[in-house]
Amino acid sequence: REGSGREPGVPFWDRAEAARRKVKERAPGGWNGRVVVLAALSHREVGKTSVFDSGISNFAAFAYSPSRDDTYGPARIVVDRATLSGRSSDIIELILTHEMAHVATRRVSGPHIPLWLEEGLAEWIARVPGDSADLHYANQVATGAVEPRLATDRQFRRGTADELFVHYQSSRTAVEYF
């Protein structure tokens, strides 16, 4: 099926396959590359299929992956098509890459690592160093508009889009440093 991106003729599933290839190249460990992508039609449907209880309006997609090999249920990404509509195919691919990075690293990382590390690693895998998000964040830090600090798990689940941006960028910067 055709994707939700603005460019006509760029199928959503082609973006998902490109994201899968990128994660296979960059993710640590041996990921088998298998993931189910569910395209929900609304925030309500996303809420029914995700494990998150709130804050879904700030997110376009969620990843779920079992942390052990013996857990029943496939790794999956739930995409909110309504939130993705109108976004470019590059942004859709970036979001899918980020979520697939969570799936690819979950069995290696396990369920007990802090979210700043998990989100920072997913951002490091998904984004090109020096992209516009990096430049914007670096400018905010340089001007004192934001203070670089690692967010708590709770801060990743709640907050405005601007606050979440700072949390993700701070985490990515830390992971890139390490």
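Is the crossing of H4 and H5 left-handed or right-handed? The crossing is right-handed; here a crossing is called left-handed if the near helix is turned anticlockwise from the far one by less than a right angle, and right-handed if clockwise.

The model is predicted: local features need pLDDT of at least 70, side-chain atom pairs count only at pLDDT 80 or more, and totals for chains, interfaces and linings use all residues. Residues are numbered from 1 along each chain as its sequence is written, and side-chain values use heavy atoms, with hydrogens and water left out.

The chain contains 8 helices and 3 strands. Their order along the sequence is α-β-α-β-β-α-α-α-α-α-α. Helices (H or I, at least four residues) and strands (E, at least two) are DSSP runs, numbered from the N terminus. Of the 178 residues, 43% are buried (under 20% relative accessible area, with exposed over 50% and partly exposed in between; 1.4 Å probe, protein chains only). The chain exposes about 10,000 Å², and carbon and sulfur atoms supply 53% of that area. Among contacts (heavy atoms within 4.5 Å) between residues at least 6 apart in sequence, 70% join residues at least 24 apart.

Helix H4 spans residues 89–109 and helix H5 spans residues 115–126. Their axes come within 8 Å and cross at roughly 125°. Axes are lines fitted to C-alpha atoms, for helices over the stretch in contact, and angles run from 0 to 180 degrees between N-to-C directions. H4 is therefore oblique to H5 (under 35 degrees is roughly parallel, over 145 roughly antiparallel, 65 to 115 roughly perpendicular, the rest oblique). On the H4 side, the contact includes Leu94, His98 and Arg106. H5 contributes residues including Glu118, Leu121 and Ile125. The contact of H4 with H5 comprises 6 nonpolar, 4 polar and 4 charged residues. Ala, Val, Leu, Ile, Met, Phe, Trp, Tyr, Cys and Pro count as nonpolar, Asp, Glu, Lys and Arg as charged, and the others, Gly among them, as polar.

H4 also packs with helix H1 (residues 12–26). The angle is about 45°, and the axes are 8 Å apart. H1 is thus oblique to H4, and this crossing is right-handed. Phe12, Ala16 and Val23 are among the H1 residues that meet H4. Their H4 counterparts include Ile92, Leu96 and Met100. By class, the contact of H1 with H4 has 10 nonpolar, 2 polar and 4 charged residues.

Phe156 lies in helix H7 (residues 153–157). Phe156 counts as buried because its relative accessibility is 4%. Leu115 is 41 residues from Phe156 in sequence, yet their C-alpha atoms are 7.2 Å apart.

How values were computed
Accessible areas come from the Shrake-Rupley method with a 1.4 Å probe; for residues, only the protein chains shown count as cover.
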